[in-house]
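Hi,

Here is the structure I said I would pass on.

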Amino acid sequence: MARAVMSDRFVAGARIGDYQVEDEIAIDATSVIYLGTHVVLPRQAYIKVPHPGSRPAAVQLLREACIHEALSHAGHAGIPRVYECGVLVDRRPWCALEVMLGVTLKQLVGAGPLALPDLVVLLRDVADILRHAHERGVVHRRLTLGAIVKLQRRYARYGITDWSDARTLDAEADVVVHPKDDIHTLGTIAFRVLTGTLPDPIDGSVGTYCPSAPAELIALIDQMLAEPRKRPAADEVFDRAVWLGSTLEAAPVVERPRWAPPHRAGAEGGAVSTGADPGGFAIRISRMKSR
């Protein structure tokens, strides 16, 4: 039998299931998160335990665990895996989640603005995670700079670690959730990363603050911040970010992009031709002006 502590909090050395508590990482209104080490396997995990006596907190924890399992089991490296769930002797559920090593976007932005190729990779990877979730009926609902992490991985440069506020589209809730709400939030994050400020509700174009950015990137972010019916879906954001990444040489493209920009004349400041596509028209990309 695994030893459990009948207390609101666990101290270092205590056991939660097959994990030994190393440290308390965070506490909020619903739960406490600990860093734990498996007593047999060579791995660490974040152990999430709700506060005692709160049925809503326990239900929320189980909902979050099910969402993590559904999304990570479907095979996406940018979403933490669920290692194990259990029940303490006081009937509180607990959940062990994968530790995704990396640096949060909040820390990256605090160290200075991201380079344009890095921003495009951020859009690409987060949009890929969102389309993966949206295809399975899950809306994240609370993307933040702290929830997005630049990972120490080869095949997924960015991940989303916090899914505590996620909901399924068929779930009963006080508010209506829609996948394009996530797109607006991602657009707001991209706007802030690029300009250092939040969008202006009156003149919200990113081009007003950063006119030297590629026109296709400006158009993408502006559309993500538009009213819901005009926003692109997550799969379109992903396709356009992949295409932008290939033009900026942000990262190798593993598959042929499905999206191409409309044909237009080159902008002032040096448009360069990338050649002609199989359809026969030339694609011209506005490069960012050097300062």
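Let me start with a leucine in a loop. Apart from its neighbours within four places in sequence, L101 touches K150, L151 and Q152. The C-alpha atoms of L101 and K150 sit 8.3 Å apart, although 49 residues separate the two in sequence. L101 belongs to the loop that runs between strand 6 and strand 7 (102-104). Is L101 buried or exposed? Its relative accessible area is 55%, so L101 is exposed, the cut-off for that being over 50%.

Before the rest, please keep in mind that this is a predicted model.

Now the overall picture. The protein has 291 residues, and 44% of them are buried. Its secondary structure amounts to seven helices and 13 strands. If you take the contacts between residues at least 6 apart in sequence, 54% of them link residues at least 24 apart. The accessible surface is about 15,200 Å², and carbon and sulfur atoms account for 52% of that.

Next, a few arginines. R91 has a phi near 75°, which is a positive value in a residue other than glycine. You will find R91 in the loop between strand 5 (82-87) and strand 6 (93-98). With 73% relative accessibility, R91 is exposed. R141 also has a positive phi without being a glycine, and here the value is near 80°. Its loop is the one between strand 8 (138-139) and strand 9 (148-151). How exposed is R141? The relative accessible area of R141 is 30%, so it counts as partly exposed, since that class covers what lies between under 20% and over 50%.

R240 is an arginine in a helix, namely helix 7 (residues 234-248). The relative accessible area of R240 is 5%, which makes it buried. Which side chain does R240 meet in a polar contact? That would be the side chain of Q223, at 2.7 Å.

On to the cysteines. How many disulfides does the structure hold? The count is zero. C95 is in no disulfide, and the cysteine sulfur nearest to its own is that of C85, 3.7 Å away. C95 is buried, at 2% relative accessibility. C210 is buried as well, with a relative accessible area of 10%.

V39, V40 and L41 make up a nonpolar patch of about 260 Å². One of these, V39, lies in the loop between strand 3 (31-38) and strand 4 (44-50). V39 is partly exposed, at 39% relative accessibility.

- L101, with its contacts K150, L151 and Q152
- R91 and its positive phi near 75°
- R141 and its positive phi near 80°
- the polar contact between the side chains of R240 and Q223
- the nonpolar patch of V39, V40 and L41

Cheers

Methods: Residues are numbered from 1 along each chain as its sequence is written. This is a predicted model: local features need pLDDT of at least 70, side-chain atom pairs count only at pLDDT 80 or more; totals for chains, interfaces and linings use all residues. Side-chain values use heavy atoms; hydrogens and water are left out. Helices (H or I, at least four residues) and strands (E, at least two) are DSSP runs, numbered from the N terminus. Buried means under 20% relative accessible area, exposed over 50%, partly exposed in between (1.4 Å probe, protein chains only). A polar contact is a pair of N or O atoms within 3.5 Å; within protein, one must be able to donate a hydrogen and the other to accept it, and residues adjacent in sequence count only if both atoms are side-chain atoms. Contact means heavy atoms within 4.5 Å. Patches are made of residues with over 30% relative accessible area and no salt bridge: like charges are joined within 9 Å, nonpolar side chains (Val, Leu, Ile, Met, Phe, Trp, Tyr) within 5 Å. Accessible areas come from the Shrake-Rupley method with a 1.4 Å probe; for residues, only the protein chains shown count as cover. A salt bridge is a side-chain nitrogen of Lys or Arg within 4 Å of a carboxyl oxygen of Asp or Glu. A disulfide is a pair of cysteine sulfur atoms within 2.5 Å.
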